[in-house]
Amino acid sequence: MTKETFILTLSCPDRRGIVASVSRFLFESGCNIIDSAQYGDPENGRFFLRISFASETGAGLSELQTGFAPIAEEFGMTAAIHGGGSKTRTLLMVSKFGHCLVDLLYRHRIGALPIDIPVIVSNHRDFADVAAAHGIPFRYLPINKENRKAQENSLAEIITEERIDLVVLARYMQILSPELCASMPGRVINIHHSFLPSFKGARPYHQAHDRGVKLIGATAHYVTADLDEGPIIEQSVERATHAMSGDEMAAVGRDIENRVLARAVQWHAEHRILLNGRRTVVFY
C-alpha cells in the first residue's frame with residue numbers, strides 16, 4: 001500500500017522542546033519522518049521547521065491538523081500541514097514580455113513544477129494564443145486610470161472563484177494595490193531585474209549597457225505594499241562583458257529571470273519558504 005505523505009511547516013519563538021514535541025506527535029500518530037530541516041534565528045529568537053513525513057497507519061490530513069492544533073497553540077506556532085501530493089493552484093499574470101510565462105508553462109507541462117494553472121490573466125492580448133495552446137483559460141483585464149479599481153476587483157473575484165493559492169507576476173507590469181497585497185501575504189511572487197533602483201523604466205538592460213555594468217541579475221520576491229521591496233526568495237547573477245550589446249545583455253537577463261522565478265515558484269509550491277519578517281527562510 002502506498003503511504004500518504006505530508007509536509008509540516010512551522011515558525012514560533014524558539015525554546016526547548018519544540019522538536020521533541022513535534023517528533024513525539026508524529027510518532028504517536030503513526031508517522032515516519034522522511035526529511036527534516038530547521039533553523040533558529042539568533043537575531044530575533046524565532047525557530048523554523050519543515051518536516052516531510054509519511055503516515056504508516058492511515059492518518060489523514062484533517063486528523064493530523066486537528067491533532068497538531070494543541071501543540072501549535074502551546075508553542076505559539078504559525079503552522080500548517082499540507083498533503084505531500086497536493087498541487088498549488090497558481091494564477092499566472094503577464095503583460096507584453098512572455099519569456100517567464102512560456103518557461104513556467106513548459107516546466108508545468110513536463111511535470112517539473114507541482115502546480116496547477118487554472119487561469120492566465122493579462123492586461124494585453126499578446127499571449128492569449130499561448131494560453132489557448134496549453135488549454136488554459138485566458139482572462140483579458142486591460143488597465144487604465146479609470147478602470148484600475150474595477151479591474152482589480154475582477155482579479156480578486158477570479159482568485160476567489162478559482163481557489164487560487166499563489167499569484168505569480170510573470171513580468172506583469174502593473175502595480176497591485178496595497179489592499180490586494182495585504183489580502184495575500186506570502187502568496188504573490190514577482191520577478192524583476194537586479195538594476196533597481198539604478199535603472200528604472202523602459203529598456204533597463206540597455207541602460208545598464210550604456211553604463212558598462214558587469215553583472216546582470218534577477219530577484220524573485222514576495223509582493224508587499226512596498227514596491228519591489230518584499231521578502232526576497234531567490235537571486236542569481238551572470239557576468240557581462242564589454243563586448244556584449246544591449247540586446248545580448250537583455251537575452252542573458254531573460255534567461256536569469258526564467259531560472260530565478262521558476263525556483264521561487266517551485267520552492268513555494270513545495271512549502272520550502274517561511275516568512276521571517278522582511279526576510280525569508282528557504283529550506284532548499
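Predicted model: local features only at pLDDT ≥ 70, side-chain atom pairs only at ≥ 80, totals over all residues.
How many residues has α8, and how far does α8 reach from its first C-alpha to its last? Residues are numbered from 1 along each chain as its sequence is written, and side-chain values use heavy atoms, with hydrogens and water left out.

**View 1. Helix α8 and the residue just after it.** Helix α8 has 24 residues and reaches 34 Å from its first C-alpha to its last, close to the 34 Å expected at 1.5 Å a residue (the expected span is 1.5 Å times one less than the number of residues). Helices (H or I, at least four residues) and strands (E, at least two) are DSSP runs, numbered from the N terminus. Just after α8, H271 takes a positive phi of about 60 degrees.

**View 2. Helix α3 packed with helix α8.** Helix α3 (residues 99–109) and helix α8 (residues 246–269) pack at about 50 degrees, with their axes 9 Å apart; axes are lines fitted to C-alpha atoms, for helices over the stretch in contact, and angles run from 0 to 180 degrees between N-to-C directions. That angle makes α3 oblique to α8, since angles under 35 degrees count as roughly parallel, over 145 as roughly antiparallel, 65 to 115 as roughly perpendicular and the rest as oblique. On the α3 side, the contact (heavy atoms within 4.5 Å) is made by H99, C100, D103, L104 and R107, while the α8 residues include R254, E257 and L261.

**View 3. Helix α1 packed with helix α2.** Helix α1 (residues 18–28) and helix α2 (residues 61–75) pack at an angle of about 165 degrees, with their axes 11 Å apart. That makes α1 roughly antiparallel to α2. The contact is made by I18, S21, V22 and F25 of α1 together with L64, G67, F68, I71 and F75 of α2.
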